[in-house]
Amino acid sequence: MRYRGGMMGTKKHLLPKALRFSAGTLTEQSTLALLRKHARGKFAKSSTLRAAKRFIEERVAGDRADSDILHHVGRVSLEELVTGRRPRIGLLIVEGDLTVKGRYEDSLDPESVVIVTGSLRARDVISTGFLEVHGDLVASQSILFVDNDACCEVFGDVRAPFVYTNYHAVKVHGAVKARLVTGDAKHIRSTQPHAFIEETDPRVRDALSPRLLKVFADEVFEDEEGEEADAEAPWIDAIDVEKLTAFVRRGHPALAQPAPRRRKK
């Protein structure tokens with residue numbers, strides 16, 4: 001399969017019904033028209049729209065030839081979506097709901113822009129790129145907003161058991177609903193108040209999966225009295241973002257599983 005600009009593709013497309021720049025079914029002008037129609041976000045001085053236009057210019061000029069522009073109409077369900085995996089996606093517009101059974105992950109290097117006019121649902125969401133969701137952003141396990149050069153805007157609610165932010169600007173027009181929201185409080189803005197717990201708070205340690213706490217073994221420091229921390233109850237000075245992201249990528253839940261309820265006799 002040969003792409004515009006000399007890029008060679010060998011993998012089957014995740015969205016076979018989508019229009020693509022590489023196939024000639026999308027042009028510079030038609031893509032810009034789609035952005036005018038669907039890019040609603042104004043957060044961070046319309047950063048998502050500016051990033052999308054920048055990518056289009058680069059792609060038309062022959063740069064970023066290994067990344068495509070895709071437009072899909074209608075709801076779509078995928079096993080997994082990773083924009084930085086070849087064949088790479090630089091700009092994706094989905095008119096409808098996007099459901100990912102496993103991991104959804106956009107990227108900052110190479111930079112990607114994803115616009116979903118409906119809701120985005122996945123097992124896990126890892127966002128380091130530009131993401132705009134007009135409905136709800138929902139994960140059955142974890143949502144991670146990582147890196148400070150891009151942003152996310154959600155016009156509905158953000159819902160997941162675990163939500164973590166690390167210098168990634170997030171604007172939520174609805175509510176943030178989670179068992180645990182931690183990381184960097186000032187970079188997630190919501191029109192409705194939500195509970196945020198500092199990652200050094202013992203309640204974060206108590207909520208995290210024991211398996212994840214073992215991964216954070218290097219983050220166990222002395223307790224406040226200067227004595228060795230209990231290995232069975234480590235005190236986290238700061239969450240290691242790379243270790244957390246790698247853990248979630250493997251499909252593991254970040255939070256400890258609630259004890260099953262006993263049936264009444």
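Visitor: How many disulfides does a search of the whole structure find?
Guide: This is a predicted model, so local features need pLDDT of at least 70 and side-chain atom pairs count only at pLDDT 80 or more, while totals for chains, interfaces and linings use all residues. Residues are numbered from 1 along each chain as its sequence is written, and side-chain values use heavy atoms, with hydrogens and water left out. A disulfide here is a pair of cysteine sulfur atoms within 2.5 Å. Searching the whole structure on that basis, the number of disulfides found is zero.

Visitor: How far is the sulfur of cysteine 151 from the nearest cysteine sulfur?
Guide: Cysteine 151 is in no disulfide, and neither is cysteine 152. The nearest cysteine sulfur to that of cysteine 151 belongs to cysteine 152. The distance is 7.6 Å.

Visitor: Is cysteine 152 buried or exposed?
Guide: Buried means under 20% relative accessible area, exposed means over 50%, and partly exposed lies in between (1.4 Å probe, protein chains only). Cysteine 151 has 4% relative accessibility and so counts as buried. Cysteine 152 has a relative accessible area of 0%, which makes it buried.

Visitor: What is the phi of alanine 44?
Guide: Most residues other than glycine have a negative phi. Alanine 44 lies in helix H2 (residues 43-60); helices (H or I, at least four residues) and strands (E, at least two) are DSSP runs, numbered from the N terminus. Alanine 44 is partly exposed at 33% relative accessible area. Although it is not a glycine, its phi is positive, about 55°.

Visitor: And which helix holds serine 46, which also has a positive phi?
Guide: The phi of serine 46 is near 55°, and this residue is not a glycine. With 17% relative accessibility, serine 46 counts as buried. Its helix is H2.

Visitor: Which residue just after H2 takes a positive phi?
Guide: Within H2, the buried residues include Phe43, Ala51, Phe55 and Ile56. Just after the helix, a positive phi of about 100° is found at glycine 62.

Visitor: Which element gives the most to the lining of the largest cavity?
Guide: On a 1 Å grid over the protein atoms alone, a cavity is a set of points where a 1.4 Å probe fits but cannot get out, and lining residues have an atom within 4 Å of a point. One cavity of 30 Å³ or more is counted, and the largest holds about 40 Å³, a volume being the space filled by probe spheres set on points joined across faces, edges and corners. Its lining includes Gly41, Glu132, Cys151 and Glu153, and both H2 and strand E11 (151-154) give two or more residues. With five residues, the element giving the most is H2.

Visitor: Which helix supplies the largest share of the lining of the second largest pocket?
Guide: A pocket is an open set of grid points with protein on both sides within 12 Å along at least five of seven lines. The second largest pocket has a volume of about 210 Å³. Among its 13 lining residues, Thr128, Val146, Asp147, Thr245 and Arg249 lie nearest its centre. The largest share, four residues, comes from helix H5 (residues 241-249).

Visitor: What is the omega of the peptide bond from aspartate 109 to proline 110?
Guide: Most peptide bonds are trans. The bond from arginine 86 to proline 87 is cis, with omega near -5°, and proline 87 sits in the loop between strand E4 (81-82) and strand E5 (88-95). Proline 110 is in the loop between strand E6 (98-105) and strand E7 (113-116). The bond from aspartate 109 to proline 110 is cis, with omega near 5°.

Visitor: What distance separates the C-alpha atoms of tyrosine 167 and asparagine 148?
Guide: Tyrosine 167 lies in the loop between strand E13 (162-166) and strand E14 (169-172). At 49% relative accessibility, tyrosine 167 counts as partly exposed. Tyrosine 167 and asparagine 148 are 19 residues apart along the chain, and their C-alpha atoms are separated by 4.7 Å.
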